[in-house]
Amino acid sequence: MACKVLEVKSLSKKFSGKYAIRNLSFEVNEGEIYCLVGPNGAGKTTTLRTIMGLLSPTTGYVKIMGHDVHKEREKAMQYVTFVPDNPVLYSELTVKEVIYLFASLRNIDRNVLEDRMYELLEKFDLGEYINMRIKDISRGTLQKLAIVLSFLPDPKLIVMDEPFMALDVKTQRTLREEIKKRARMGTSFVISSHVLPWVEEIAHRVCVIYKGEKVAEGTIPEVKKMLGASTLEDALLNVLTGA
Ligand SMILES: Nc1ncnc2c1ncn2[C@@H]1O[C@H](COP(=O)(O)OP(=O)(O)OP(=O)(O)O)[C@@H](O)[C@H]1O
Ligand SMILES: [Mg+2]
């Protein structure tokens, strides 16, 4: 039986009395790549930030490996890492210092760290930036670092909000291959993205969110059929235009 890594149950979040997400439920299994798609303002970032315990839900709950993210935060967080849509890291620290700081916060063994770090730095072409301060690196390089940090502890679940944003074409491909490889080895992913061809390439299942609610969920062929379209892009356009 597939192992449930993430459970999102009847999740709602209101801001100033208005629902940003409403009654959202889904589950993500071990080794599954689950993608959230939907128009601007649909509620994707709100969902991901609530999964990470950065926002408290108005109703419902989130469990990671059976632990409630908001009630047993420390236990739940040991299984997950997050790539936010706008990564913020200590501006005065160097890339290497940030990596060591993150590793110590996640209790990664020093020997394991060195091997993983150099492998990831090479894979994402970050080696030359290792001694540069965060404030001096480019937006795309910062994005690559946030991605490397998410892989470093080898967590059960990786949550990524628009991870392909700002990445050059080579790194986009590296990231897609890395996500697929890690999923084959059992890592689960929840990823929001507007880049639908990549979603079609990597997602095992997608969740279409519109105005805070789940309007379709399933494999790519299932969602296309549900929304009466031959491409994911047309499926989303059908949702937007009410077709
Ligand atoms: N801190 C906040 N205070 C008030 N409203 C918020 C807050 N954060 C999000 N919202 C609102 O919640 C809704 C969902 O926003 P969210 O950022 O989750 O959308 P999204 O699907 O990630 O959009 P995008 O594709 O543009 O990233 C929007 O109407 C937004 O204005
Ligand atoms: Mg967003």
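Me: Before we count anything in this model, what makes a stretch a helix or a strand here?

Reply: Helices are DSSP runs of H or I with at least four residues, and strands are DSSP runs of E with at least two, numbered from the N terminus. By that rule the chain has nine helices and ten strands. Do keep in mind that this is a predicted model.

Me: Why is the chain called as compact as a globular protein of its length?

Reply: Its radius of gyration is 18 Å, and the globule rule gives 18 Å for 243 residues, so the chain is as compact as a globular protein of that length. Along the principal axes, the C-alpha trace spans about 50 × 40 × 40 Å. Of the 243 residues, 37% count as buried. Among contacts between residues at least 6 apart in sequence, 66% join residues at least 24 apart.

Me: What makes strand 9 and strand 10 a pair?

Reply: Two strands pair if DSSP finds at least two bridges between them. Strand 9 (residues 205-210) and strand 10 have five, in the antiparallel sense. You can follow the pairing by residue: Tyr210 has Glu213 of strand 10 as its bridge partner, and Val208 stands opposite Ala216 in strand 10.

Me: Why is Lys211 worth a glance in that hairpin?

Reply: Most residues other than glycine have a negative phi. Lys211, however, has a positive phi of about 50 degrees although it is not a glycine. It sits in the loop between strand 9 and strand 10, in a hairpin with two residues between the strands.

Me: Where does strand 2 sit in its sheet?

Reply: Strand 2 (18-29) is an edge strand, as is strand 5 (67-68), and each pairs on one side only. Their open sheet has four strands in the order 2-1-4-5, with antiparallel pairing. Within this sheet, five bridges join strand 1 (residues 4-15) to strand 4 (residues 59-64). Ser12 has Thr59 in strand 4 as its bridge partner.

Me: What makes Tyr129 buried?

Reply: The cut-off is 20 or more other C-beta atoms within 10 Å. Tyr129 has 21, so it is buried. This residue lies in the loop between helix 4 (110-123) and helix 5. Leaving aside residues up to four places away in sequence, Tyr129 touches Val95, Ile137 and Thr141.

Me: And why is Arg176 partly exposed?

Reply: Arg176 has 16 other C-beta atoms within 10 Å, so it falls in the partly exposed class. Arg176 lies in helix 6 (residues 169-184) and touches Trp198, Glu201 and Ile202, not counting residues up to four places away in sequence. Its C-alpha atom and that of Val199, 23 residues apart along the chain, are separated by 9.5 Å.

Me: Finally, how many residues around ligand 1 are nonpolar, polar and charged?

Reply: The shell divides into three nonpolar, six polar and one charged. Among the residues around ligand 1 are Phe15, Ala20, Gly38, Asn40 and Lys44. Helix 1 (residues 44-51) gives the most to the shell, with three residues.

Methods. Residues numbered from 1 in each chain as written. Chains lettered and ligands numbered in written order. Predicted model: local features only at pLDDT ≥ 70, side-chain atom pairs only at ≥ 80, totals over all residues. Near = placed C-beta within 6 Å. Nonpolar A, V, L, I, M, F, W, Y, C, P; charged D, E, K, R; others polar. Buried ≥ 20, exposed ≤ 12 C-beta atoms within 10 Å, placed from the backbone. Contact = placed C-beta atoms within 7 Å. Rg over C-alpha atoms; globule rule 2.2 N^0.38 Å.
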